[in-house]
Every structure is written in C-alpha cells, then in structure tokens.
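Hello,

My notes on it follow below.

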Amino acid sequence: MLPSSLPSRLRALALGAAALIVPLAAPASAKPIPGVPADLERAVDSAVSAVTPDVIAWRRDIHAHPGLGNHETRTAALVARQLRALGFDDVRTGIAHTGVVGILRGARPGPVVALRAELDALPIKEATGLPFASHVVVDVDGKPTPVMHACGHDAHTAILLGAARVLAGLRDRIAGTVMVVFQPAEEGVTGETYGAALMVQEGVFDTLRPDAIMALHVEPGPVGRIMVRPGPFLSSSSAIHIRLKGRQTHAGRPWEGTDLVNLSADVVKALTTISARRVDVFQFPNVVSIGALQAGNRNNVLPGSASLDGTIRTFSLARRDALKTMIRQSVEGLTATYDAQADVSFEDQALVTSSEPALLARMRPALDAAAGPAGVDANALLRGAAEDFSAFETQVPGLYYILGSTPNYTAMDAAPSNHSDKFDIDEAVLPIGVKAQVLTALSFLGQGAASLETRPVETK
Ligand SMILES: [Zn+2]
Ligand SMILES: [Zn+2]
C-alpha cells in the first residue's frame, strides 16, 4: 500500500517503479489494451477504487437534487467546482444554457478525446422509495412539476466526474487532451433546441475539436455488461404533428359536416400500415406511432378539429425522409376523401446514434477490460430509443455504449425501465462506468495517430 498522503505525481512514479521491480506481473486484464501499458491499467484500477466512494456520494447528491432540461444549475455548478478543484486547464460554463466543458491537457501533445454525460432529469414524480429520492418540485408554466433522475443521468454525471478525477491524477502519463462535456437538456424541452444540438450550434468544438467523442448510458441489464454495436444503434426520432379541420356537426347527421373522428382513425391505421407495408423493413427497421389523439369531447357532437401527434423512429435518414413524404401524401389523400383540411408538420429531434465501426474496433479491448466478467455484447440489438448524442456525432466520430445496471434487489426481467418512476441502478455499475470512460480515453490517446483513422458517421 502506498500512503495516500503522497502527492499524486510521486504516487504515479512509485507505482511505475513498482511495475519495474516486478516485470513479470500479470497485466490487470487478460488481454492487453492498445495504448494502455499494464502498469497504467493497474494505476487506473487503484485510482477508480479510490474515487468510487465519492462517485457514489455525487450520484446520490445529484439524484436528490435534480434539474429539468436547461435548468440544471445546481448540478452544473457542482461539476464546474469539481473540475476546477482537479486543476483542469479550462472550465467553461453556461454553454447552451447550463452546459459545462472541461479541458485537461496531458503532459505531452497528442490527439483530443471527448467524453460526454448529461445533466438533466425528467418531469416525473419519483416512486423508488430510496433514502436519497428526489422531493424536488418546480414550477413549469404555473404548474407544480415533480422532477426525477429517471434516466440515470445522475449516474452518468457522477461517473464522468470520477473519470475526470482519475484522468487528472494520471495527466503525467497522457499524451493528448481530454475534453469532458456535460450537456443539458438531453431529454428535450418543448419548444427549445436539444442540449447537444445547441452546444454544437454555439460552437462547442470550434476552439478545440475532439478527434472522437464517447458516451455511455445505463439501462436495465446484467450489471456491468456493455452493450454496443458497430454502426447505427439508437434510432433517429422525428415528431409528427397532424392538425385536422372540418365542419362541426351533430353526431346523428354526419353527412352535414366532416367526420374527423373517423378520419383520425383512418389516419392512425394508414400511418402504421405505411411503416409496415410500403418500405423495406428488412433493409431498415422503422416504427411510426401515434401517441396522442384528440378529437371531440361529447358523444353526440362531431368535432370541427382534431389533432394527432406521433413519432417516426428509424436507422436511416433517407428512410426517415421517405416516411415523411408518404405520411404527408397519405394524410392529405385521406383528408380529401372526407372533404376536410389537414396540416402536417415534422420536427426532427435526434439523428441516428451510432458507433463508428473503426473506433469501436479500436476501443473494444478497453471496453472488455472495463466490463470484466460481465462481458461485452458487441452485437447488441437495435434500439427504438433516441439520443441527442447524435448531434455531436455530426461533428466527430462517436462511440456509444450501454451499461447494464439492473439493481440487485430486482429480478432481471422485472427491472423498471428508464423513464419509469421506479427506475434505479445498481451502484456497483458506477466504478465500471468510470473505468470504461477512463480506459477508452487512455486507449484512444495512447494509440496516437492510429486512433485518427476514423470518420464521422453518416448523417445524411
Ligand atoms: Zn431518457
Ligand atoms: Zn437518458
């Protein structure tokens, strides 16, 4: 054991000396990690163990004090304070409202790698019963609104703070630069631009352009299991808004007006039929769902207006645009047969989230080492969820992976999903996440120029 009172540089030197004295020591993981010598990996292991109590404390503190998108001021302040205390070379705040970016320069020049976490929580009343459950209620348009970290962003922020501390302690060993990106509003805020997209619009990468960006997301699954796949992983997301107008009439005499209730039903069926019958679902899976339908409020009145709101999810932007065209044609055709009027609009919310295949291949040994016995599923199933991480991927190549986190008190097939009011994680996943973020960053930087043989994912 080294005395923890030693300055970190001396500790790193001492650890290096220990590695020299015992040259035949087995590497920390079974397979070598490109760019991460075995002694550095062992230093990461002990630094991750040392930071874990703080990561757990940060996660609980952030969980108990969540903020809605673009209002994560408390969490953003905590992040900025920690990064400054760690001696980050630059800490920028207030990006895209509440975003924070920290820059850590290694001892020697090299590539730039970015790691991302999200700051925001959701308008959900927490029902986990955890001792650090959120009791926060905020005012949204005059309505009291409970707030909960129901998507695990509390864990992501704590994990990235832990990784920042580990990497800061190892900066003597780093050739290159680490950029930590804490983004607001990943879940979206009605009428406002998504957090990552706004950071990009505000030029977050203008002064320092990362060569790659990486992010993880907790989700129910075996604890520590890493789920990833080359190419598209999470779907794009585009909202559908349909507004129907006609002539209101007595429900007993539908021929005297426009039956928008029947038209709405036809539209719902037509849209789901388009996604199943008019496109090649073997080439790209897709879903078209109507989640909100409002038409009329009495049994004996046919209303003069109706609205339908839904979503398009797919894995190709060409497919997304083809679906938009077909949806518009279908709604307009049906509306004409009812002698009504329709207004159809779309709102793109997220692009396809992918892992650039060459980048994933280079990072695979680091992910294997982080996952340990839980393993890596490198051919995980496509997901019909969306992420605005995809906005960063329009700028630089990305790696996006999911970290299994089902709490140990829950059966694997009964774990509440992300966005459930009972969503929780097993905190054993926190050090695994820290290790994954640290090892991927070190491996990327340690591979130097070889890491740069990647390219941004296709976004058009
Ligand atoms: Zn979410
Ligand atoms: Zn999320």
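**The zinc sites**

At 39% relative accessibility, histidine 419 is partly exposed (buried is under 20% relative accessible area, exposed over 50%, partly exposed in between; 1.4 Å probe, protein chains only). Cysteine 151, at 8%, counts as buried.

This is a predicted model: local features need pLDDT of at least 70, side-chain atom pairs count only at pLDDT 80 or more, and totals for chains, interfaces and linings use all residues. Residues are numbered from 1 along each chain as written, chains are lettered from A and ligands numbered from 1 in written order, and side-chain values use heavy atoms, without hydrogens and water.

Zinc ion (ligand 1): the donors are Cys151 (SG), Glu187 (OE), Glu187 (OE) and His419 (NE2), at 2.0 to 2.8 Å. Donors here are N, O and S atoms within 2.8 Å of the metal (3.2 Å for Na, K and Ca); water is not among the atoms, so sites may look incomplete. The 4 donor atoms subtend angles of 51 to 150°, so the arrangement is irregular (neither tetrahedral, with four donors and all angles between 85 and 135 degrees, nor square planar for four or octahedral for six, with opposite donors over 155 degrees apart and all others between 65 and 115).

Zinc ion (ligand 2): Cys151 (SG), His153 (NE2) and His217 (NE2) coordinate it at 2.1 to 2.4 Å. The spacing along the chain is C-x1-H-x63-H. Histidine 153 and histidine 217 are both buried.

Cysteine 151 bridges the two zinc ions, ligand 1 and ligand 2, which lie 3.1 Å apart.

Best regards
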